[in-house]
Amino acid sequence: MTDPQADAQADAQADPQTDPPGPDPLDTALRLVRAQATLVKRFDAGLSGLHGVSLSDFTMLLRLSEAPGGRMRRVDLAEALGLTASGVTRGLAPLERIGLVTREAAPRDARVAYAALTPTGRERLSEMLTTARQIATDVFTPTQWPPNDLTTLATLLTPLTGPRR
C-alpha cells in the first residue's frame with residue numbers, strides 16, 4: 001500500500017528539468033545490461049562445464065543449425081549474430097579445431113567462405129541444447145516467472161532484439 005503523503009513529497013522533490021516523468025530510461029537500460037551479464041555468466045558456466053563451449057560458441061552453432069543445410073556464409077552469420085566478419089572468424093576458429101564446424105568454399109566463388117556444422121557438431125549441439133534449456137528453466141522458474149510474465153517479457157524485448165531468431 002502506498003503512502004499518498006510520501007508520494008506527494010517525492011513528486012514535490014522531483015526536478016522536472018532533470019528527472020523525466022515515469023521510469024528512467026537509463027536505469028531501465030542498465031538493468032537490462034546487468035540481466036544480460038547475469039544470463040551470460042549462468043550459460044557460460046553451464047555450457048563450459050559440461051561441453052567445453054561458451055554461450056557465444058553455442059549461439060554460433062545454434063544459428064548454423066537453423067540455416068538451410070546447416071551452413072551459412074560467414075558474412076551472413078556475422079550479421080545474424082550482430083558481430084563483425086572478423087569476430088565470427090575468430091569465434092569459429094576454435095570450433096573448427098575441435099571438429100564442430102568446418103570451412104567450405106563456395107563452388108562458384110572462391111572468395112566466399114561458408115561455415116558448416118559437422119555431424120559431430122550436430123550431435124554435440126543436441127547435447128548443448130538440453131543443457132541450455134535446463135539453464136533457462138532454472139533461471140525462469142515458474143514460481144518466480146509465471147508463463148504470462150515470460151510472454152510479456154519476450155514481447156517487450158522484441159523491439160530491441162527483433163522477432164524470435
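Modeller: Ground rules first. This is a predicted model, where local features need pLDDT of at least 70, side-chain atom pairs count only at pLDDT 80 or more, and totals for chains, interfaces and linings use all residues. Residues are numbered from 1 along each chain as its sequence is written, and side-chain values use heavy atoms, with hydrogens and water left out.

Colleague: Fine. How many helices and strands does the protein chain have?

Modeller: The protein chain has 7 helices and 3 strands. Both are DSSP runs numbered from the N terminus: helices are H or I with at least four residues, strands are E with at least two. The pattern along the sequence is α-α-α-β-α-α-β-β-α-α.

Colleague: What percentage of the protein chain counts as buried?

Modeller: 23% of its 165 residues. Buried means under 20% relative accessible area, exposed means over 50%, and partly exposed is in between, using a 1.4 Å probe and protein chains only.

Colleague: And contacts between residues 24 or more positions apart? What share do they take?

Modeller: They account for 51% of the contacts in the protein chain with a separation of 6 or more. Contact means heavy atoms within 4.5 Å.

Colleague: On to packing. At what angle do helix 3 and helix 5 cross?

Modeller: Roughly 95°, and the axes come within 10 Å. Helix 3 covers residues 55-66 and helix 5 covers residues 85-97. That makes helix 3 roughly perpendicular to helix 5.

Colleague: How are axes and angle classes set?

Modeller: Axes are lines fitted to C-alpha atoms, for helices over the stretch in contact, and angles run from 0 to 180 degrees between N-to-C directions. Under 35 degrees counts as roughly parallel, over 145 as roughly antiparallel, 65 to 115 as roughly perpendicular, and the rest as oblique.

Colleague: Which residues in helix 3 and helix 5 meet?

Modeller: From helix 3, Asp 57, Met 60 and Leu 61. From helix 5, Gly 87, Val 88, Gly 91, Leu 92 and Leu 95. By class, this contact of helix 3 with helix 5 has 5 nonpolar, 2 polar and 1 charged residues. Here Ala, Val, Leu, Ile, Met, Phe, Trp, Tyr, Cys and Pro count as nonpolar, Asp, Glu, Lys and Arg as charged, and the others, Gly among them, as polar.

Colleague: What about helix 4 and helix 5, how do their axes cross?

Modeller: At roughly 105°, coming within 9 Å. Helix 4 and helix 5 are therefore roughly perpendicular to each other. Arg 74, Leu 77 and Ala 78 of helix 4 contact Ala 85, Val 88, Thr 89, Leu 92 and Glu 96 of helix 5. That contact of helix 4 with helix 5 divides into 5 nonpolar, 1 polar and 2 charged residues.

Colleague: Arg 74, then. Buried or exposed?

Modeller: Arg 74 is buried, with a relative accessible area of 7%. Its partners include Glu 96, Arg 103 and Tyr 114, not counting residues up to four places away in sequence.

Colleague: Switch to helix 6. Which of its residues are buried?

Modeller: Gly 121, Leu 125, Met 128, Thr 131, Ala 132, Ile 135 and Val 139. Seen down the axis of helix 6, the buried residues fall within an arc of 130°, so they line one face of the helix. The arc is that of the directions from the helix axis to the C-beta atoms.

Colleague: And which are exposed on the other side of helix 6?

Modeller: Pro 119, Glu 123, Thr 130 and Arg 133.

Colleague: What covers the buried residues of helix 6?

Modeller: The cover includes helix 2 (25-51), helix 3 and strand 3 (113-117). Take Thr 131, which is buried at 12% relative accessible area. Thr 131 touches Gly 46, Leu 47, Leu 50 and His 51, leaving out residues up to four places away in sequence.

Colleague: Last one. Which residue follows helix 7?

Modeller: Gly 162, with a positive phi near 85°.
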